[in-house]
Amino acid sequence: EKGGFRSFMDKEIHDQPQAVADTLLGRTNASGALVLDDVRVDETLLRAVNKIIVVACGTAAYSGHVAKYAIERWCRIEVEVELAHEFRYRDPIVDEKTLVVAVTQSGETMDTLMAMRHAREQGALVISIVNTHGSTIPRESDAVLYTHAGPEIAVASTKAFLAQVTAAYLLGLYLAQLRGCMRPDEIAAVLAELRDMPQKIHTVIERGEHVRATAESMRDASSVLFLGRHVGFPVALEGALKLKELAYIHAEGFAAGELKHGPIALIDEGQPVFVVVPSPRGRDSLHSKMISTIQEIRARGARTLVIAEDGDDEVHAYADEVFWIPQAPKLLQPLLAVVPLQMFAMALAAAKGLDVDQPRNLAKSVTVE
Ligand code: M6R
């Protein structure tokens, strides 16, 4: 039940620290090595994999986008992410050295099921990341990595997404371990950072009042844009999807670098734009690039709603609102940065008097192609 929360979605957002903690639990064997839940695949085959294709739909596909950055970084294996329905009908290049990762909360999404069946027919190995035990997709996979988010009732996916991202990190670390791409101490260091994430997610949720108040003041917005770079890009896409499905507002997510190739023409006086800012501590130019982006859109009249890490002194000057998140390693930031966007969409939908748990035209599980 809703346990005192206004909606299932509200409860499920608050369940997120636990969903991540439970997904991390019990993943190592007696000797401290990472293990998958249910493996029917020969490890020598996994060592020989030369390409990974993540297939999924909607929010689950965005967790795959995050997985791409992490797995390529940690394992140096090429990772493609493809919407399951597009993959299925384009005669994809797949063989015994391809690992297909099917990500799904329900385990029943027809598009994802058809895509993985197609891949297996071509000889690919399939590992699924699934939340629902006993569903069809894990039964048909070579191995399963369950997300332990518990039942997700609200149509808009929240805790399942955080658990999928967590499981994708675990899969990346598992492959890195298996293929000797990372030292055990490097893997242990990432795992330790992951174990700190539930507390940090909790902190973001506790700071939710500012997001709520901002959302309530934007009841009349007709369009909201979302920008991100690197792992912030899928976060932007997910923020836009949440807003569309819950508040029925036109919303689009962009890779920030793409702005000047077209979307910047959309910016005019008062246009609200969320910007996901990467850590200023990263030893790269991502942060300064995002600061320039914020300056550029502000100069054209945008109302900048910035998600930034605690201690980032540079964002203030150009942000109309800052939603602070705790510091985290660059690749893990999506687990924090997406939370204010979920809360924003939920609060805006509630402010418009809409049904947060059951948005119009949508079903929780899409079992038709
Ligand atoms: O059950 P699945 O994870 O396979 O579902 C995939 C999508 O249908 C799902 O994520 C959908 O996009 C949600 N409504 C997003 O909130």
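**Reading helix packing**

Author: Start with the residues that touch: Phe 161, Leu 162, Val 165, Thr 166 and Tyr 169 of H8 meet Pro 334, Leu 335, Val 338, Val 339 and Gln 342 of H13, where contact means heavy atoms within 4.5 Å, and helices are DSSP runs (H or I) of at least four residues, strands (E) of at least two, numbered from the N terminus. The residues of this contact divide into 8 nonpolar, 2 polar and no charged; Ala, Val, Leu, Ile, Met, Phe, Trp, Tyr, Cys and Pro count as nonpolar, Asp, Glu, Lys and Arg as charged, and the others, Gly among them, as polar. This is a predicted model, in which local features need pLDDT of at least 70 and side-chain atom pairs count only at pLDDT 80 or more, while totals for chains, interfaces and linings use all residues. Residues are numbered from 1 along each chain as its sequence is written, and side-chain values use heavy atoms, with hydrogens and water left out.

Reader: At what angle do H8 and H13 pack?

Author: Two packed helices are described by the angle between their axes and the distance between the axes. Axes are lines fitted to C-alpha atoms, for helices over the stretch in contact, and angles run from 0 to 180 degrees between N-to-C directions. Helix H8 (residues 159-178) and helix H13 (residues 334-351) pack at about 170°, with axes 10 Å apart. That makes H8 roughly antiparallel to H13 (under 35 degrees counts as roughly parallel, over 145 as roughly antiparallel, 65 to 115 as roughly perpendicular and the rest as oblique).

Reader: Are H9 and H13 roughly parallel or roughly antiparallel?

Author: Helix H9 (residues 184-206) packs with H13 at an angle of about 25°, the axes being 9 Å apart, and the two are therefore roughly parallel to each other. On the H9 side the contact includes Leu 194, Met 197 and Lys 200, and on the H13 side Leu 335, Leu 336 and Met 343 are among the partners. The residues of this contact divide into 10 nonpolar, no polar and 1 charged.

Reader: Is Thr 293 buried or exposed?

Author: Buried means under 20% relative accessible area, exposed over 50%, and partly exposed in between (1.4 Å probe, protein chains only). Thr 293, in helix H12 (residues 286-299), is buried, with a relative accessible area of 5%. Not counting residues up to four places away in sequence, Thr 293 touches Leu 227, Ala 256 and Leu 259.

Reader: How many helices and strands does the protein chain have?

Author: The secondary structure of the chain comes to 13 helices and 11 strands, and 56% of its 369 residues count as buried.
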